[in-house]
Amino acid sequence: MPKEFHYHYKIDNSTFLRGVPMASLHRSAQGVPTAPHTLAILGCGALGTAILLGVLASIRAHGDSLDENETVSPANAVATQKSPPSSSPTPNNFIACVRTAVSAARITKALGTPPCNVTIHHGHDSAPSLLDADIIILGCQPIDLHSCLGNDTIKAALHGKLVISLLAGVTISDIESVLGWQDGKSYVPTTVIRAMPNTASVVRQSMTVIEAPGGTSARTLRMVDWLFSSIGIVQHIPASKFDTCTALCASTPAFFALFLEGLIDGAVALGLTRSEAQIMAAQAMKGSAELVLAGDHPTKVKEEITTPGGSTIRGVLKLEQGNLRAVVAGALIECKTAAEGLGARNREK
Ligand SMILES: NC(=O)C1=CN([C@@H]2O[C@H](COP(=O)(O)OP(=O)(O)OC[C@H]3O[C@@H](n4cnc5c(N)ncnc54)[C@H](OP(=O)(O)O)[C@@H]3O)[C@@H](O)[C@H]2O)C=CC1
Ligand SMILES: O=C(O)[C@@H]1CCC=N1
């Protein structure tokens, strides 16, 4: 039987209630502390850790009231939360579950000294830790869905709770069928929602799409919107668009990273240092994105820079010799198809 380990972080010397620093207890409108609310990340890998760090940073930025007035909210986002749900408790207690000690150490290192209560659990049976959780973010690889959720102790620990799946290509019904009880009962007592953030969650700049089945309670929707809008922008989408949005929201940071690498290599070839080129290229990319988020069409951004007979159009035409836009569109389509495949592969198990 594998050994299970727990690491508890105590941030200051304040009194702890069920492991939660008194200073971090959520207060209702009347100023009365509500019960601790626990968010677990089952499969706290690259993305789970980015979300955990982003949410903790959000809480740090807003103090013990968890007031979320600072959330990113562009005019065209369908759903963003500017404030935490007043009628539902927001998480103030966190559990990160992974399989291996190496991954637990990675999270420990990433957390540094967090001003919040976090428990890290590693081992192959996360069920005891999940008993304490109210909301579970599922962050394992799609191929690990069955090994992660498939045993009865885990299912029992999830009974009646909210599961937010990050898994690419894995549908809500895929998860519900894994959670279905083996004794023949057809109902699924766990609420399952899909969310597709990206690794910019760690700097609270994620683009997260959410699929919530009809009938999801308003309270649950407020909670999920608050959670992901605390680390970026949130948009609700139907199931039919999910794989496309997975490619567009979750995979494209890797595309942009490639573009940045090309720019940096070019700048280095021209004599800049890598570090100065990196900041300049990334800030130029960020500023361009901000212009589009502020309402400028990409064509306008391009046309305002390409002065007649100028230098920029020469570079743009060079990119078009490489068929840039068609290549990028094709890469996105490939990504979407591959995301669908991740789910299908899982169903064959
Ligand atoms: N990376 C990204 O940018 C994005 C990823 N996604 C989706 O998010 C999910 C996670 O991706 P990513 O973070 O990159 O993957 P990782 O491989 O980095 O993380 C997966 C984690 O799950 C843990 N795990 C697996 N099985 C169990 C188990 N039975 N109990 C507890 N922990 C378990 C692993 O632990 P251990 O390390 O100890 O083995 C690992 O830490 C995937 O489904 C992916 O499709 C979605 C959007 C973006
Ligand atoms: O590449 C992957 O498998 C995951 C899914 C979306 C982003 N990263």
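Ala, Val, Leu, Ile, Met, Phe, Trp, Tyr, Cys and Pro count as nonpolar, Asp, Glu, Lys and Arg as charged, and the others, Gly among them, as polar. Keep that in mind for the ligands.

Some ground rules. This is a predicted model, where local features need pLDDT of at least 70, side-chain atom pairs count only at pLDDT 80 or more, and totals for chains, interfaces and linings use all residues. Residues are numbered from 1 along each chain as its sequence is written, while chains are lettered from A and ligands numbered from 1 in the order in which they are written.

Ligand 2 comes up now. Which residues surround ligand 2? They are Ala168, Thr246, Ala250 and Ser251. Being near a molecule here means that the C-beta atom, placed from the backbone, lies within 6 Å of it. By type, this shell has two nonpolar residues, two polar and no charged.

Next, ligand 1. It has 28 residues around it, and Gly43, Gly45, Ser103, Ala168 and Ala250 come nearest. Helices (H or I, at least four residues) and strands (E, at least two) are DSSP runs, numbered from the N terminus. Which element gives the most to the shell around ligand 1? That is α1, with three residues. The shell divides into 14 nonpolar, 12 polar and two charged residues.

Now the whole chain. We have 12 helices and 11 strands. The chain has 349 residues, and 34% of them count as buried. Buried means 20 or more other C-beta atoms within 10 Å of the residue's own, exposed means 12 or fewer, and partly exposed is in between, with C-beta atoms placed from the backbone. Contacts are next: two residues are in contact if their C-beta atoms, placed from the backbone, lie within 7 Å. Take the contacts with a separation of 6 or more: residues 24 or more positions apart account for 73% of them.

On to domains. The chain splits into domain 1 (5–237) and domain 2 (244–344); such bounds come from an automatic or database domain assignment. Between them, 15 residues of domain 1 are in contact with 11 residues of domain 2. On the domain 1 side, strand β10 (residues 206–211) has the largest share, three residues. That side has nine nonpolar residues, five polar and one charged.

An unreviewed entry lists residues 240–340 as "domain: Pyrroline-5-carboxylate reductase dimerisation". Positions are given in the numbering used here, feature names are shortened, and annotations may be inferred rather than shown by experiment. In the model, that span is 82% helix and 0% strand, and its end C-alpha atoms lie 11 Å apart.

Look at strand β7 (residues 135–138). Ile135 and Ile137 point one way, Ile136 and Leu138 the other way, and all are buried. Strand β4 (residues 38–42) pairs with β7 in the parallel sense over four bridges. Pairing needs at least two DSSP bridges between the strands. Leu42 has Leu138 as its bridge partner in β7. Strand β8 (residues 162–165) also pairs with β7, in the parallel sense over four bridges. There, Leu138 has Ser165 as its bridge partner.

Last stop: Phe228, in helix α7 (residues 218–229). Why does Phe228 count as buried? Because 29 other C-beta atoms lie within 10 Å. Leaving aside neighbours within four places in sequence, Phe228 is in contact with Ala195, Pro197, Ser206, Thr208, Ile210 and Val234.
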